[in-house]
Amino acid sequence: FIVDGQDQVTDPVGMFGQRIDTETHIITGALTAIQNLSKCVEEAGVQVESIVLAPLAAAEAVLEEDEKQYGVVLADIGGGTTSIAVFAEGSVTHVGILPIGGYHLTHDLVAGIRAPFSVMEETKINCGSAIPSQIDSTETIELDAFGGQRQKEIPRRRISEIIQARVEETFEMISLEMKQAGLDNMLAAGMVLTGGTANLPGIDELAEQILDSPVRIG
């Protein structure tokens, strides 16, 4: 808010002044998508009170006030998309949705290992890592695969190598989004990761290497 020319006012309630201005970040969404989402929830017996953008809801849950003040990007890596919300000086300054997420990791494993999706999803969760060098090169795992030979033994490091390639691409896309928005040099607090894929061992270390900034799991 700006009160009588005084800017960077976070909360103007209780202040005196003749004029108040506000700089607002407006988020729009497709009306049909919002209506369909609301209908699905209501048909499950739950009343919709309001609609909140997913990365903003995640930010309320995991970001600290100091991080919001000094600049931070929240990356919520979901199944099909990665949602990002950038905060600076206590307020949101940019949001974006990238078409890449945890399901893409699993699809890569299905193609690379040639095993069913359900098997690779479970393997990703239980044996996956974003940093192959942290895995013993002699360690192997046995899993169900396509074809006549139902059981297949593969190096665990191979799984990590496939995961690493897609995770690197994800953070490179986030970095490009930050540069295009002109925000890449104003995020002192770095990045906070949330979402199911944030549980992947080593993902925060890999993110720090690619982004050259602090990263923590929310």
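Tutor: Let us begin with a definition: a residue is called buried when its relative accessible area is under 20%, exposed when that value is over 50%, and partly exposed in between. Please keep in mind throughout that this is a predicted model.

Student: Which residues does histidine 94 touch, leaving aside residues up to four places away in sequence?

Tutor: With those sequence neighbours left out, histidine 94 touches His25, Ile84, Ala85, Val86, Glu177, Met178, Ala181 and Leu183. Leucine 183 is 89 residues away from histidine 94 in sequence, yet their C-alpha atoms are 8.8 Å apart in space.

Student: What can be set against that, for glutamate 64 and alanine 44?

Tutor: Glutamate 64 and alanine 44 are 20 residues apart along the chain, and their C-alpha atoms are separated by 33 Å. Glutamate 64 lies in the loop between helix H2 (54-62) and helix H3 (65-70), and because its relative accessible area of 46% falls between the two cut-offs of 20% and 50%, glutamate 64 is called partly exposed.

Student: How many disulfides does a search of the whole structure find?

Tutor: That search finds zero disulfides, a disulfide being a pair of cysteine sulfur atoms within 2.5 Å. As for the cysteines themselves, cysteine 40 has a relative accessible area of 53% and is therefore exposed, whereas cysteine 127 has 18% and is therefore buried.

Student: What makes lysine 68 and glutamate 60 a salt bridge?

Tutor: The nitrogen and oxygen of these two side chains are 3.4 Å apart, and because the cut-off for a salt bridge is 4 Å, the pair qualifies.

Student: Why can glutamate 139 and arginine 156 be said to link distant parts of the chain?

Tutor: The side chains of glutamate 139 and arginine 156 meet in a salt bridge, at 3.3 Å from N to O. Glutamate 139 lies in the loop between H5 and S6, arginine 156 lies in helix H6, and the two are 17 residues apart. Glutamate 139 itself is partly exposed, at 31% relative accessibility. Elsewhere, salt bridges with shared partners join Glu60, Glu65 and Lys68 into one network, and the total count of salt bridges comes to nine.

Student: What makes the phi of arginine 114 worth a remark?

Tutor: Most residues other than glycine have a negative phi. Arginine 114, although not a glycine, has a positive phi of about 65°; it is found in helix H4 and is exposed, with a relative accessible area of 59%. Aspartate 212, again not a glycine, has a positive phi of about 55°. This aspartate lies in the loop between H7 and strand S9 (215-217), and because its relative accessibility of 72% is over 50%, aspartate 212 counts as exposed.

Student: Which residues have the most contacts inside the largest nonpolar core?

Tutor: They are Leu143, Phe171, Met191 and Leu193, in a core of 38 residues. Helix H6 gives the largest share of this core, with seven residues. Apart from it lies another core of ten residues, including Ala58, Ala85, Phe87 and Val95.

Student: Which residues form a nonpolar patch on the surface?

Tutor: Ile34, Leu37 and Ile51 form that patch, with about 250 Å² of accessible area together. Leucine 37 is found in helix H1, which covers residues 31-43.

Conventions
Residues numbered from 1 in each chain as written. Predicted model: local features only at pLDDT ≥ 70, side-chain atom pairs only at ≥ 80, totals over all residues. Heavy atoms only, no water. Buried < 20%, exposed > 50% of the residue type's maximum accessible area, 1.4 Å probe, protein only. Patch = residues over 30% accessible without salt bridge, like charges linked within 9 Å, V, L, I, M, F, W, Y side chains within 5 Å. Areas by Shrake-Rupley, 256 points an atom, 1.4 Å probe, with all protein chains shown as cover. Helix = DSSP H or I, 4+ residues; strand = E, 2+ residues; numbered from the N terminus. Core = buried A, V, L, I, M, F, W, Y, C linked by side-chain atoms within 4.5 Å. Contact = heavy atoms within 4.5 Å.
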